[in-house]
Amino acid sequence: MSPPAPLLEVEDLTKRWPGTTAPAVDAVSFAIGEGERVALVGASGSGKTTLARLILRLTEPDRGSIRFAGRDLLALRGEALRRVRADLQLVFQDPLAALDPRRRVGAQVGDPLRAHGLVPRAGRPAAVAALFERVGLDPALARRYPHELSGGQRQRVAIARALACRPRLLLLDEPVAQLDVSVKAQILDLLARLRREEGLAWLLITHDLGVARTASDRILVMAEGRIVEEGPTAAVLAAPRAPATRALVAAELRLPPPPERPDQPLTAPSVSPRTM
């Protein structure tokens, strides 16, 4: 079976912050194919977030190239860059911080529809309702403010907003790090379903190897600004070669199991996505 056609191609990407001795991102190269699930893992400070900001053009690199769907992303400006960004969406780690606390969540999900001229004004309420249903939320929740929703509901809102433009690639920045175990599993299941239905590719940024195992087919391990190991997720984590990968796997094995609570069932109760 031939590999998927390249969607995102990063070559020799480098960023050094002023006043620092070592690059935050150091000559990084990789590609993501259409519909491919890739995880980017590494310890805190390894350069994962800076790399994501470079890909999104929120930070400009010192050197290197980024191609998206065959286009030179670093050469784009203004309207041309805005159009490409519709295909390249970010889901943040903390949805509460990513959402405007003063605005109803339905209006925020509708923002990309307005900004990119995708749906006429009269059709936006129905389009927003459809997006809420797409991520397993009751459309009536669109009238609430972020603080009136649970953590799982807020992350579903953030995913709905990212899906509004029908992107081809999602950058998922620790999307379940702040959720409890049962809600985390439901969000990962949601993302898996959306990927199957929409043909999405994603770059999943995480420090959690369990999440990487569940939600990626290929893994990139980052340390000190460089990609130090990559390959099929299961194979890399089963037999890590790079010291940074071995350290991540060893740290995961040392994690203590969650304490048993006699007043709680050992398995989490089933929760409807609409009530999360």
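## Terms and basis of the model

Two strands are taken to pair if DSSP finds at least two bridges between them, and the elements themselves are DSSP runs numbered from the N terminus, with helices being H or I runs of at least four residues and strands being E runs of at least two. The structure is a predicted model, in which local features need pLDDT of at least 70 and side-chain atom pairs count only at pLDDT 80 or more, while totals for chains, interfaces and linings use all residues. Residues are numbered from 1 along each chain as its sequence is written, and side-chain values use heavy atoms, with hydrogens and water left out.

## Overall form

The secondary structure of the protein chain comes to 10 helices and 10 strands. A compact globule of 276 residues would have a radius of gyration near 19 Å, and the 19 Å found for the protein chain agrees with this; the radius is taken over C-alpha atoms, and the globule rule is 2.2 Å times the number of residues to the power 0.38. Along the principal axes, the C-alpha atoms fill a box of roughly 60 × 50 × 45 Å.

Buried residues make up 48% of the 276 residues, where buried means under 20% relative accessible area, exposed means over 50%, and partly exposed lies in between, with a 1.4 Å probe and protein chains only. The accessible surface comes to about 13,900 Å², of which 54% belongs to carbon and sulfur atoms; such areas come from the Shrake-Rupley method with a 1.4 Å probe, and for residues only the protein chains shown count as cover. Among contacts (heavy atoms within 4.5 Å) between residues at least 6 apart in sequence, 67% join residues at least 24 apart.

## The six-stranded sheet

An open sheet of 6 strands has the order β6-β7-β8-β3-β9-β10, with mixed pairing. Its edge strands are β6 (88-91) and β10 (226-232), each of which pairs on one side only, and the twist averages 20 degrees from one strand to the next. Angles here run from 0 to 180 degrees between N-to-C directions, the axes being lines fitted to C-alpha atoms, for helices over the stretch in contact.

Strand β6 runs parallel to β7, the two being joined by 4 bridges, and L88 stands opposite L169 in β7.

## Helix α7

The 18 residues of helix α7 (residues 181-198) should span 26 Å at 1.5 Å a residue, and the end C-alpha atoms are 26 Å apart, which agrees; the expected span is 1.5 Å times one less than the number of residues. Its buried residues include V183, I187, L190 and L194, and what covers the buried residues of α7 includes α5 (124-134), α6, β7, β8 and α8 (209-215). The helix is followed by G199, whose phi is positive, near 70 degrees.

## The four-stranded sheet and K15

An open sheet of 4 strands has the order β2-β1-β4-β5, with antiparallel pairing. Strands β2 (25-33) and β5 (71-72) stand at its edges with a single partner strand each, so one side of each is left without a neighbour in the sheet. Strands β1 and β4 run antiparallel and are joined by 5 bridges, with L8 standing opposite F68 in β4.

K15 lies in strand β1 and is buried, because its relative accessible area is 12%. Leaving aside neighbours within four places in sequence, K15 is in contact with residues including P23, V25, T50, L54 and E60, and its C-alpha atom is separated by 8.5 Å from that of L51, 36 residues apart along the chain.

Most residues other than glycine have a negative phi. D12, in strand β1 (residues 6-15), has a positive phi near 55 degrees although it is a residue other than glycine, and it counts as partly exposed at 27% relative accessibility. R57, in the loop between α1 (48-55) and β4 (63-68), has a positive phi of about 65 degrees, and R57 is buried, with a relative accessible area of 10%.
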